[in-house]
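This report describes selected backbone and sheet features of one protein model. Please consult the sequence and structure shown below while reading.

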Amino acid sequence: MPNIKFTHQYPKLHGQTSATLLAVRELSFPQDRNTDLVEYDTTYPSPHGVDYYPLPDGPYLQLIFVGNKHIPFCTIRSKWGGFRKNKKEYYESCIGKTFSIIVKESE
């Protein structure tokens with residue numbers, strides 16, 4: 001089973017531990033930047049109250065999942081970088097697959 005990693009326990013996850021990938025969409029910031037979407041995607045609780053994961057300008061993928069509690073959520077990921085040269089191609093090949101949700105702060 002592939003993994004999807006998160007840096008924090010984001011409220012949007014609702015404590016779900018696995019999720020099936022439903023769709024992949026391309027976004028480009030600043031052109032497609034929507035304050036409500038970015039706030040939804042990046043907000044997490046912190047000792048200071050609420051913090052936001054930074055999303056600089058650039059090409060992104062929006063991954064749309066439904067979790068093991070049947071609660072849908074999305075996550076925005078950089079389109080390039082990391083260990084995959086073409087993340088869009090990789091994630092599109094994973095549509096319909098179930099991912100384990102790994103939260104880094106709980107490792």
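His14 counts as partly exposed, because its relative accessibility is 44% (buried means under 20% relative accessible area, exposed over 50%, and partly exposed in between, with a 1.4 Å probe and protein chains only). His14 lies in the loop between β1 and β2, and its phi is near 50°, a positive value in a residue other than glycine. Helices (H or I, at least four residues) and strands (E, at least two) are DSSP runs, numbered from the N terminus.

The loop between β5 and β6 holds His70, whose phi is near 65°, also positive in a residue other than glycine. His70 is exposed, with a relative accessible area of 69%. A cis peptide bond, with omega about 15°, joins Phe29 and Pro30; Pro30 is placed in the loop between β2 and α1. Most residues other than glycine have a negative phi, and most peptide bonds are trans.

## Basis of the model

The model is predicted: local features need pLDDT of at least 70, side-chain atom pairs count only at pLDDT 80 or more, and totals for chains, interfaces and linings use all residues. Residues are numbered from 1 along each chain as its sequence is written, and side-chain values use heavy atoms, with hydrogens and water left out.

## The sheet

Five strands form an open sheet of mixed pairing, in the order β1-β7-β2-β5-β6; two strands pair if DSSP finds at least two bridges between them. β1 (3-6) and β6 (72-78) stand at the edges, each with a single partner strand, so one side of each has no neighbour in the sheet.

Strands β2 (residues 18-29) and β7 (residues 98-103) run antiparallel and are joined by three bridges. Ser18 stands opposite Ser100 in β7.
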